[in-house]
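Reader: I am new to this structure. Please take a close look at one part of it, and then lead me on from there.

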Amino acid sequence: MDFKNIPGAPENIVMSGIRPTGFLHLGNYFGAMRNYVKMQDEFTCFFMVADLHSLTTHPDTSGLKQNIYRVLAENIACGLDPAKVALYCQSHIHETAELYLYLNMLAYKGELEKTATFKDKVRLNPENVNAGLLTYPVLMATDILIHRAMFVPVGKDQEQHLEMARNFANRFNTRYEPVFPEPQAFNFNSELIKVPGLDGAGKMSKSENQMATLYLADEDEVIRKKVMRAKTDSGPTKKNDVKAPEIENLFTLLKLVSKTDVVEKFEHDFNTCTIRYGDLKKQLAEDMIQFIRPIRQSANAILADEDNLRKIMKQGAEKATISAMNTMKLVREAMKLNYFK
Ligand code: TRP
């Protein structure tokens, strides 16, 4: 169903979430946060820390609060303005539980079992295959639909979940009444940037592959060490040689944080076989430090003021709750769960 058929649906709502299961890294910055920051002036934005989702795989909540605070602080340090967007914590929106329940009735066991992330998680953690894990995509659909959001800035790995959210939305609309616009993946007029890890293999990760990942919380020395340890090969053997994946990755990272003339110099050195990888890595390390340091320092300053963070979280929850309550009124009406009327 086309969103334009949903009477009165808002057309400029952006929603996204990030799980508090580890430290934010350069991949999150370029893949998500930088996009969020660009959107905040033009859209009504809901950005959420997905603490409930983290319970599906991390039932131990002892470090959860600290992780949530850090994710919030890092988002603000990257330029998100809590006065412009609703920056909130998923569990503060109680309406989520209700919509999740209704949508669960429209989600089929078969399709949930086929979800790629579910199968991965079962493989990784066969002793904790709980129902919440199975219905993870329903909860994510709820986060989006509860604001009737149409634009969802997410990476490739979330596309299947988004497809499922569209299916649940359409099923609801056809079974009851049209309430939900179809949410779609959205990125701010640029290609999705993939940020490779430093090991020439995978991408950066919140919880795995820590030596190959540059975290926004990494100290200068740690950044230097990680970059200097990055894998390289024995160098180009002929002019304009093809770059090995790990070398390509170093150049990709360089392009993200270094000045154009610096990148051009190393491209030139590579193409003329005069490149010294030690110099490339030194330059990359210093430019990375210049890039990450202000974010880290600002995040640490924000984290140090817990009262203020709590205020921000509360303000975000209030904004998101108003939006959620409005949607739930429509949902209950559409479902005819309004017996007092
Ligand atoms: N599942 C997302 C992830 O793992 C996090 C998430 C939860 C989310 N709810 C969302 C993303 C709603 C976008 C919209 O990264």
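Author: Start with helix H12 (residues 260-271) and helix H13 (residues 277-304) in this predicted model. They pack at an angle of about 165°, with their axes 11 Å apart. Axes here are lines fitted to C-alpha atoms, for helices over the stretch in contact, and angles run from 0 to 180 degrees between N-to-C directions. H12 and H13 are therefore roughly antiparallel to each other (over 145 degrees; under 35 is roughly parallel, 65 to 115 roughly perpendicular, the rest oblique). H12 passes H13 in a left-handed crossing (the near helix turned anticlockwise from the far one by less than a right angle; clockwise is right-handed).

Now the residues that meet. H12 brings Val262, Phe266 and Phe270. H13 brings Tyr277, Asp279, Leu280, Gln283 and Asp287. Sorted by class, the residues of this contact of H12 with H13 are five nonpolar, one polar and two charged. Contact means heavy atoms within 4.5 Å.

A word on the ground rules. Residues count from 1 along each chain as its sequence is written, and side-chain values use heavy atoms, without hydrogens or water. Local features need pLDDT of at least 70 and side-chain atom pairs 80 or more, while totals for chains, interfaces and linings use all residues.

Next, a helix pair with another angle. Helix H8 (residues 136-145) and helix H9 (residues 159-175) pack at about 70°, and their axes lie 9 Å apart. H8 and H9 are therefore roughly perpendicular to each other. The crossing of H8 past H9 is right-handed. On the H8 side stand Tyr136, Pro137, Val138, Met140, Ala141, Ile144 and Leu145. They meet His161, Leu162, Met164, Ala165, Phe168 and Ala169 of H9. Twelve of the residues in the contact of H8 with H9 are nonpolar, one is polar and none is charged.

Stay with H8 a moment. Arginine 148 lies in the loop between H8 and strand E4 (151-152). Its phi is positive, about 50°, although arginine 148 is not a glycine. Arginine 148 is buried, with a relative accessible area of 10% (buried is under 20%, exposed over 50%, partly exposed in between, with a 1.4 Å probe and protein chains only).

Lysine 336 also has a positive phi, about 60°, and is not a glycine. Look for lysine 336 in the segment after H14. Lysine 336 is exposed, with a relative accessible area of 54%.

Helix H14 (residues 306-335) has 30 residues. From its first C-alpha to its last, H14 reaches 41 Å. That is close to the 44 Å expected at 1.5 Å a residue (1.5 Å times one less than the number of residues).

H14 has a partner in H3. The two pack at an angle of about 80°, with their axes 11 Å apart. That makes H3 roughly perpendicular to H14. From H3, the contact takes Lys65, Gln66, Ile68, Tyr69, Leu72, Ala73 and Ile76. From H14, it takes Glu306, Leu309, Arg310, Ile312 and Met313. The contact of H3 with H14 divides into eight nonpolar residues, one polar and three charged.

Alanine 73 lies in helix H3 (residues 64-77). At 0% relative accessibility, alanine 73 counts as buried. Set aside its neighbours within four places in sequence, and alanine 73 is in contact with Ala299, Ile302, Leu303 and Leu309. Glutamine 290 is 217 residues from alanine 73 along the chain, and their C-alpha atoms are separated by 19 Å.

Leucine 55 sits in helix H2 (residues 51-55). At 36% relative accessibility, leucine 55 counts as partly exposed. Leucine 55 touches Thr61 and Leu64, not counting residues up to four places away in sequence.

Valine 222 belongs to helix H10 (residues 220-229). At 35% relative accessibility, valine 222 counts as partly exposed. Valine 222 and methionine 211 are eleven residues apart along the chain, and their C-alpha atoms are separated by 9.2 Å.

Notes. Helices (H or I, at least four residues) and strands (E, at least two) are DSSP runs, numbered from the N terminus. Ala, Val, Leu, Ile, Met, Phe, Trp, Tyr, Cys and Pro count as nonpolar, Asp, Glu, Lys and Arg as charged, and the others, Gly among them, as polar.
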